[in-house]
Amino acid sequence: MTTTAPAGTTALHTTALNVVRRIFDEGFATGNDAIVDELCSADLIEHQFGLTGVGAAATASVKAAIRDVHGAFPDARFTIEDAAEVGDRIWVRVHGEATATGPFFGPPSGRRVDFTVFDQVRVVDGRIVEHWGVPDRFALLAQTGVLDRLAGPPPR
């Protein structure tokens, strides 16, 4: 349940990258939502669809997302495959792998999932102050069988 330095690079240890790595490793991979209080500003601005908010509402949404992701995919592992940083902003492409052993838009499917997350994060003084996230929800819906269930039985 760890992330790694982007492929083809030497170990990259910027403050922003370490903060992003920790939210995946110590939050989403373990279900520890308390990490949000350590890594996110109390004035967090969250732009990710389904989590949008500012301040306490934003941090509560991120904590709920950590619990939900870990509940659905408790063995999730994340690898930061690419990262770019300019000023106080970092962009990462993260590869995730897990097994859908918890509920995810229905009962657990037990299927393996392989997905990508793109994040843009503003980090100031070691804390996330603003976040835009784009997890590949379509891949998760397809790989867990949710789309098959929604489509219903094939026509006769």
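Strand β1 (residues 40-46) and strand β6 (residues 127-135) run parallel and are joined by 3 bridges, where strands are DSSP runs of E with at least two residues, helices are runs of H or I with at least four residues, both numbered from the N terminus, and two strands pair if DSSP finds at least two bridges between them. The model is predicted, so that local features need pLDDT of at least 70 and side-chain atom pairs count only at pLDDT 80 or more, while totals for chains, interfaces and linings use all residues. Residues are numbered from 1 along each chain as its sequence is written, and side-chain values use heavy atoms, with hydrogens and water left out.

### The sheet

The open sheet is formed by 6 strands in the order β2-β1-β6-β5-β4-β3, with mixed pairing. Because β2 (53-54) and β3 (77-86) each have a single partner strand, they stand at the edges, and one side of each is left without a neighbour in the sheet.

| Helix | Strands touched | Angle |
|---|---|---|
| α1 (residues 15-28) | β1, β3, β4, β5 and β6 | about 160° with β3 |
| α3 (residues 56-72) | β1, β2 and β4 | about 85° with β1 |

Strand β5 (residues 112-124) runs antiparallel to β6, and 8 bridges join the two. In this pairing V117 stands opposite P135, and V123 has I128 as its bridge partner. The hairpin of β5 and β6 has 2 residues between the strands, and D125 there takes a positive phi near 55°.

### H95

H95 lies in strand β4 (residues 89-99). H95 counts as buried because its relative accessibility is 16%, buried meaning under 20% relative accessible area, exposed over 50% and partly exposed in between, with a 1.4 Å probe and protein chains only. Leaving aside residues up to four places away in sequence, H95 touches R77, F78, T79, E81, D114 and F115.

Methods
Contact = heavy atoms within 4.5 Å. Axes fitted to C-alpha atoms, helices over the stretch in contact; angles between N-to-C directions.
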